[in-house]
Amino acid sequence: MAKKPTVTVTVKKRRRVVVPPPTEIEAPPAAEVAKTELKIKKAKPTNYKSRKTAKQILAILAEEFPTVFAAEPKPLKAGFTQDYPSTKLTQREWKRGVAEWVTSEKYLKSCVAGSQRIDINGQPSGEVSQKEAKYAKAQLAVTQLLKKKQFSALNKNKQLAMREMAKKVAREAE
């Protein structure tokens, strides 16, 4: 019988490692390969036209939760996005809609120290602290600044940098 060849690899510090020869991998039967190809072909491609816009998501939220997403916004409780109810929206759209809502100017203006926070049912759930009010005020200033003509053309990275600066200023104001 012929001896199978082995490969010796020398690594730093003169250590020898014996590597066995590669073994043959069995190929799956043709029927399984065909099934997988069919599954891949049936996968629905992402259609960006079918995605809901932020305005559409906010309209659905206002329809389903009129006490929370009303014309006059009230501060939402901390961790509001974790209260995902089974709605017409996916969890991702729910989070996107809530994020859009809490970054709007109306909402940021409503975040005044001492004002009541509400939960998903519209029930009181804590108050806005002084720190949170300062943060909202800084975010509002950046949002209004970015709406000005000279700043609206900034790319997303610079806009994010300005928002981070606002967070830093709000932290230092404590």
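**Ground rules.** I am working on a predicted model, where local features need pLDDT of at least 70, side-chain atom pairs count only at pLDDT 80 or more, and totals for chains, interfaces and linings use all residues. Residues are numbered from 1 along each chain as its sequence is written, and side-chain values use heavy atoms, with hydrogens and water left out.

**Entry 1: helix H2.** I took helices and strands as DSSP runs, numbered from the N terminus (helices H or I, at least four residues; strands E, at least two). H2 covers residues 54-64, and I find Ile57, Ile60 and Leu61 buried in it. My cut-offs are relative accessible area under 20% for buried, over 50% for exposed, and partly exposed in between, with a 1.4 Å probe and protein chains only. Looking down the axis of H2, I see its buried residues fall within an arc of 100°, so they line one face of the helix. That arc is taken from the directions from the helix axis to the C-beta atoms.

What do the buried residues of H2 pack against? They pack against helix H3 (91-102), with contact meaning heavy atoms within 4.5 Å. On the face turned away from the buried side, I noted the exposed residues Lys55 and Glu63.

**Entry 2: salt bridges.** How many salt bridges does a search of the whole structure find? It finds three, counting a side-chain nitrogen of Lys or Arg within 4 Å of a carboxyl oxygen of Asp or Glu.

**Entry 3: Glu63 and Lys88.** Glu63 turns up again, in a salt bridge with Lys88 whose closest N and O atoms are 2.8 Å apart. The pair links distant parts of the chain, with Glu63 in helix H2 and Lys88 in the loop between H2 and H3, 25 residues apart. I have Glu63 as exposed at 54% relative accessible area, and Lys88 is exposed too, at 53%.

**Entry 4: Asp83 and Lys77.** These side chains meet in a salt bridge at 3.1 Å, N to O. Asp83 counts as partly exposed at 25%, and Lys77 is partly exposed at 23%.

**Entry 5: Arg117 and Glu132.** I get a salt bridge here at 3.1 Å, N to O. This pair links distant parts of the chain: Arg117 sits in strand S3 (residues 116-118) and Glu132 in helix H5 (residues 130-147), 15 residues apart. Is Arg117 buried or exposed? Arg117 counts as buried, at 10% relative accessibility, while Glu132 is partly exposed at 32%.
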